[in-house]
Amino acid sequence: MTALEDFTALRPRLFGIAYRMLGSVAEAEDIVQDAWLRWQDYDHASVREPRAFLSTTVTRLAITAAQSARRRRETYLGPWLPEPVDTSADPTLGAERAEALEIAVLHLMERLTPTERAAYVLREAFDYSYKEIADVIEVSEVSARQLVSRGRKHLASERRATVDPGQQRRLLEAFLAASRAGDVADLEKLFAEDVVRYSDGGDAVRAARVPVQGRAKVARLQDAFREFFGATDLRWGDVNGQVAAVLSRNGTTVAVGTVTASDEGITEIYWVLNPVKLTGL
């Protein structure tokens, strides 16, 4: 294969790694483009395994980018949520498994260090061996195992057991119906007692600037946006590997929302409202 053919074949995987590391389509595309420029200038005859070389290049670039992104997100106005992606065409974004892709998981992964996140993504989403992970992030194999283990434990401690996709969709549909009808009582019935609502509007649109927690508070806040819901068109999308509500006005996407749920009801609500993050949808 030529250098271009090697890169093209691996591009979905490279984008999948970078997106999971950064939660941003634009930043992931920049990383992949940077890797391509480096690949063009490299002595290809000296590379025995293009997959290992390019995966290593993208992961290391993404670790560096994640370190600076973390500092920028500390000053972000309101909750920062990952940019939603349409996974209907490529359900796994180039991964063997659709792991570390849901908005809720990417949001939790922001709390991992960049190296923990890299190790977790390579292992859980792409099934890299611990030896391969160690080589990529330049640590011992023992350290690679520890990084993956810490990532797993942190995410497990923050997440409850979730319902199956069919139940998640039914709860999301009921949630949207009650939101559009302005039925606060029905909303409260759908929620777990400690439900949390996150809304990412950046500095561009009206949105709660802190996470809102509690059944009654979240129901009242959701009802405050009744007119907004009534003035939008709703379609269901395959977003980050899950069903999501895609709201549009005059053909332009204005919001993407999804939920996570346990046997107690809806536990988290995620609304992405920042227009910059919705252009891909």
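Because the model is predicted, local features need pLDDT of at least 70 and side-chain atom pairs count only at pLDDT 80 or more, while totals for chains, interfaces and linings use all residues. Residues are numbered from 1 along each chain as its sequence is written, and side-chain values use heavy atoms, with hydrogens and water left out.

**Nonpolar cores**

The largest nonpolar core has 50 residues, and those with the most contacts inside it are Phe-7, Tyr-19, Met-109, Ile-133 and Ile-137. A nonpolar core is a set of buried Ala, Val, Leu, Ile, Met, Phe, Trp, Tyr and Cys residues joined through side-chain atoms within 4.5 Å. Buried means under 20% relative accessible area, exposed over 50% and partly exposed in between, with a 1.4 Å probe and protein chains only. At least two residues of this core come from each of H1 (3–22), H2 (25–40), H3 (50–73), H4 (103–109), H5 (114–124), H6 (130–137) and H7 (141–158). H1 gives the most, with nine residues. Helices are DSSP runs (H or I, at least four residues), numbered from the N terminus.

Leaving aside residues up to four places away in sequence, Ile-137 touches Thr-59, Ile-63, Thr-115, Ala-118, Ala-119 and Leu-147; contact means heavy atoms within 4.5 Å. A second, separate core has 29 residues, among them Val-163, Leu-171, Ala-219 and Ala-245.

**Helix packing**

Axes are lines fitted to C-alpha atoms over the stretch in contact, and angles run from 0 to 180 degrees between N-to-C directions.

| Helix pair | Angle | Axis separation |
|---|---|---|
| H2 and H3 | about 140° | 9 Å |
| H6 and H7 | roughly 100° | within 8 Å |
| H5 and H6 | about 145° | 10 Å |

H2 and H3 are therefore oblique to each other, whereas the angle between H6 and H7 makes that pair roughly perpendicular. Angles under 35 degrees count as roughly parallel, over 145 as roughly antiparallel, 65 to 115 as roughly perpendicular and the rest as oblique. The crossing of H2 and H3 is right-handed, and H5 also passes H6 in a right-handed crossing; here the near helix is turned clockwise from the far one by less than a right angle.

In the H2 and H3 contact, residues including Ile-31, Ala-35 and Trp-39 of H2 meet residues of H3 that include Phe-53, Leu-54 and Leu-61. The residues of this contact divide into eleven nonpolar, one polar and five charged. Ala, Val, Leu, Ile, Met, Phe, Trp, Tyr, Cys and Pro count as nonpolar, Asp, Glu, Lys and Arg as charged, and the others, Gly among them, as polar.

Thr-115, Ala-118, Ala-119, Leu-122 and Arg-123 in H5 meet Tyr-130, Ile-133, Val-136 and Ile-137 in H6. This contact has seven nonpolar, one polar and one charged residues. H5 is mostly covered, with nine of its eleven residues buried, and these buried residues pack against H1, H3, H4, H6 and H7.

On the H7 side, the residues of H6 in contact are Tyr-130, Lys-131, Ile-133, Ala-134 and Ile-137. By class, the contact of H6 with H7 has seven nonpolar, no polar and four charged residues.

**Loop residues with positive phi**

Most residues other than glycine have a negative phi. Asp-127, in the loop between H5 and H6, has a positive phi near 60° and is partly exposed at 47% relative accessibility. Glu-138, in the loop between H6 and H7, likewise has a positive phi near 60° and is exposed, with a relative accessible area of 63%.
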